[in-house]
There are 2 protein chains.
Amino acid sequence: MKAPEINVSPRILMGPGPSMADPRVLKAMATPLIGHLDPEFLAIMDNTQKLLRYVFETKNQMTIPVSGTGSASMEAAICNIVEPGDVMLICCNGYFGYRMQDMAQRYGAEVHMIFRPWGEVFEPEEVEAAIKETSANIVGIVHAETSTGARQPLEDIAKIVHEHDALLIVDAVTSLGGLSVGVDKVDIDVCYSGGQKCLSVPPGASPLTLNDRAVEKLSNRKTQVANWYLDLTTIQKYWGNERTYHHTAPISSIYALYEGLRLIAEEGLENRWQRHQENAEYLWDALAEIDFECHVDEKYRLPSLTTVKIPAGIDEASVRKQLLNDYNIEVGGGLGELKGQVWRIGLMGYTSRKENVHALISALKNILA
Amino acid sequence: MKAPEINVSPRILMGPGPSMADPRVLKAMATPLIGHLDPEFLAIMDNTQKLLRYVFETKNQMTIPVSGTGSASMEAAICNIVEPGDVMLICCNGYFGYRMQDMAQRYGAEVHMIFRPWGEVFEPEEVEAAIKETSANIVGIVHAETSTGARQPLEDIAKIVHEHDALLIVDAVTSLGGLSVGVDKVDIDVCYSGGQKCLSVPPGASPLTLNDRAVEKLSNRKTQVANWYLDLTTIQKYWGNERTYHHTAPISSIYALYEGLRLIAEEGLENRWQRHQENAEYLWDALAEIDFECHVDEKYRLPSLTTVKIPAGIDEASVRKQLLNDYNIEVGGGLGELKGQVWRIGLMGYTSRKENVHALISALKNILA
């Protein structure tokens with residue numbers, strides 16, 4: 001059986017994720033295992049939760065890493081909050097709005113959708129009108145749309161959602177650790193993210209936080225959570241004081257997440273946000289110089305992920321292939337509505353460095369010359 | 001914020017899992033990330049599937065690692081096969097039979113249970129009688145009960161299940177890679193496992209295989225799979241020829257699993273089974289010498305996990321604490337019915353070595369002296 005040793009090329013991961021993991025995170029992953037109920041592991045769990053609260057900017061007690069990739073924390077957010085009888089309004093301006101819809105209907109919600117073209121964001125007024133029309137008691141929205149590069153302002157929408165006694169679920173997969181999410185300040189009820197974006201941690205343990213309103217909804221469910229693996233009513237007993245076994249925690253992925261969060265605490269959240277913003281602006285300027293145009297209005301443009309329009313006459317898949325094969329640079333193609341129309345360039349976490357911008361721009365110059 | 005560097009004690013993991021990861025597996029985990037659609041990663045995926053088929057002893061096309069711990073592959077087995085209208089018979093002789101029950105009822109099955117005392121196994125006749133009585137079209141059974149240390153013979157039961165046109169789902173979490181599971185030879189329809197037992201891989205990517213009968217049941221479902229993250233109808237498009245994005249694969253966990261499987265291929269499955277059996281017998285003899293008695297009849301005793309009765313007058317929790325704190329040895333306490341009555345001693349994968357048996361026995365002698 002042909003099963004060669006792993007020997008991967010040194011990729012510069014500038015796509016929509018995974019981003020490059022910090023070497024210190026990789027080193028942490030190689031730490032020998034200890035048991036998931038070992039007092040030393042319980043201490044790492046406690047500290048991981050503390051650091052997650054710091055990065056989410058929250059005091060929420062129920063703040064944990066979900067034992068799976070970002071999609072698992074998304075499903076954990078939905079399956080614990082949604083049950084039959086709920087009406088969920090989803091603000092959809094990209095691929096991940098549709099994923100929310102897919103999940104919410106599986107868990108029995110009556111789902112209503114409002115739409116914006118991919119790359120645009122929602123105004124508070126249209127969200128309010130839709131809540132009134134649908135009587136939604138749950139609203140889902142994406143803070144950082146990985147498929148479009150748009151950053152959705154949330155403050156006013158959160159106020160409106162709560163004025164109508166609804167809960168706000170926010171997708172922060174491509175924002176957490178790269179720009180402020182501000183769970184407590186914005187007053188987000190449920191927020192989830194992934195490791196493989198701005199936290200620079202391999203996918204496998206994914207941040208999730210619920211505030212008191214959300215925990216109350218969970219506690220007052222009429223039906224059991226339909227999903228066993230992601231059921232917070234039992235998982236919380238492992239992450240809480242009881243330490244009751246639910247499933248074996250993904251030990252190495254927790255090590256990695258913990259080290260990634262430590263790196264953020266060392267850098268400081270504000271410094272990290274500023275680094276992401278500065279390097280993104282540096283990229284945007286460099287793209288403009290070679291006559292590339294960004295897809296999203298600068299006011300709503302994510303620092304972590306840039307969508308850039310593909311100039312006419314370019315075979316976009318071929319250019320991406322050359323970038324990967326000849327320059328070891330990965331950028332992402334467009335997804336859904338934007339397929340073939342944009343590239344997605346990530347500058348997330350450890351990848352967000354000026355030298356990577358230089359590497360990409362000069363490779364593009366060579367290829368397109 | 002107090003967030004010290006990870007600095008864990010060098011534990012000898014002789015509990016029910018996680019077992020110790022092979023150093024080569026830990027090294028593989030530290031490999032830099034590449035994209036989940038990178039051709040180099042797709043090649044690793046293909047080879048991982050080939051090696052999984054080797055270890056499962058199957059030709060099943062649909063053989064993949066589930067993106068989560070062993071409980072996630074268990075739930076993937078159940079949620080893809082079970083739908084409302086199904087009648088599932090669960091043969092329960094330990095903790096994980098109850099977990100199957102919990103999951104199966106969440107996915108809408110009419111669940112029937114038959115029981116055996118913890119540590120015993122089922123006879124084919126009683127399974128057949130229960131199938132007739134319940135008209136079950138799905139039967140769930142545990143090959144290697146992590147809570148009891150019992151090994152359930154499966155050949156005759158599989159024949160009976162198929163004579164009644166039912167499907168057999170088998171939990172091989174604590175057997176795969178440590179003793180023969182023989183998916184094709186036994187004719188198991190759905191089989192799942194975890195990395196953290198006899199594969200000596202950190203929990204995070206968990207083996208699952210479905211034969212043609214099971215795939216047909218999946219294809220002919222009347223209802224959508226209720227779980228998004230574990231939905232094989234869409235996941236198979238990523239692991240199959242289409243390579244359609246579903247969720248970001250847990251890259252590092254796949255690296256680890258791949259390396260763990262390579263180690264098994266190098267050692268050879270038969271050699272590995274023999275090593276597990278020999279070291280288990282070595283442990284049983286050593287335990288007998290210090291007057292400890294095994295809980296399970298030798299005929300049905302797992303080589304990977306031994307339950308040993310706690311002699312009268314011993315404070316079992318205190319002894320386990322001393323083993324951990326003074327000797328860096330982790331053994332497991334009893335679960336459920338066996339709580340306080342047995343210890344669970346794992347000799348799985350990389351942990352299955354004579355020197356670990358010596359370390360444990362002589363530590364026990366010191367503590368109990």
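Which strands of chain B does helix H2 (residues 39-56) lie across? Helix H2 of chain B lies across S2, strand S7 (190-192) and strand S8 (206-210), running at about 105° to S2(B). Helices (H or I, at least four residues) and strands (E, at least two) are DSSP runs, numbered from the N terminus; axes are lines fitted to C-alpha atoms, for helices over the stretch in contact, with angles from 0 to 180 degrees between N-to-C directions.

This is a predicted model, in which local features need pLDDT of at least 70 and side-chain atom pairs count only at pLDDT 80 or more, while totals for chains, interfaces and linings use all residues. Residues are numbered from 1 along each chain as its sequence is written, chains are lettered from A and ligands numbered from 1 in the order in which they are written, and side-chain values use heavy atoms, without hydrogens and water.

**Sheets**

In chain B, seven strands form an open sheet of mixed pairing, ordered S2-S8-S7-S6-S5-S3-S4; two strands pair if DSSP finds at least two bridges between them. Strands S2 (62-66) and S4 (110-115) of chain B each have a single partner strand, so one side of each lacks a neighbour in the sheet. The twist averages 15° from one strand to the next. Strand S3 (residues 87-92) of chain B runs parallel to S4(B), joined to S4(B) by six bridges, and B:Met88 stands opposite B:Val111.

**Core**

The largest nonpolar core holds 253 residues, of which A:Met88 and B:Met88 touch the most other members. Such a core is a set of buried Ala, Val, Leu, Ile, Met, Phe, Trp, Tyr and Cys residues joined through side-chain atoms within 4.5 Å. Buried means under 20% relative accessible area, exposed over 50%, and partly exposed in between (1.4 Å probe, protein chains only).

**Salt bridges**

Over all chains, 40 salt bridges are found, each a side-chain nitrogen of Lys or Arg within 4 Å of a carboxyl oxygen of Asp or Glu. Three of them are tabulated below.

| Pair | N to O distance |
|---|---|
| A:Glu40 and B:Arg11 | 3.4 Å |
| A:Glu293 and A:Lys309 | 3.3 Å |
| B:Asp46 and B:Arg243 | 2.8 Å |

A:Glu40 lies in helix H2 of chain A and B:Arg11 in the segment before strand S1 (12-13) of chain B, so this pair joins two chains. A:Glu40 is partly exposed at 24% relative accessibility, whereas B:Arg11 is buried at 7%.

Technical notes. Contact = heavy atoms within 4.5 Å.
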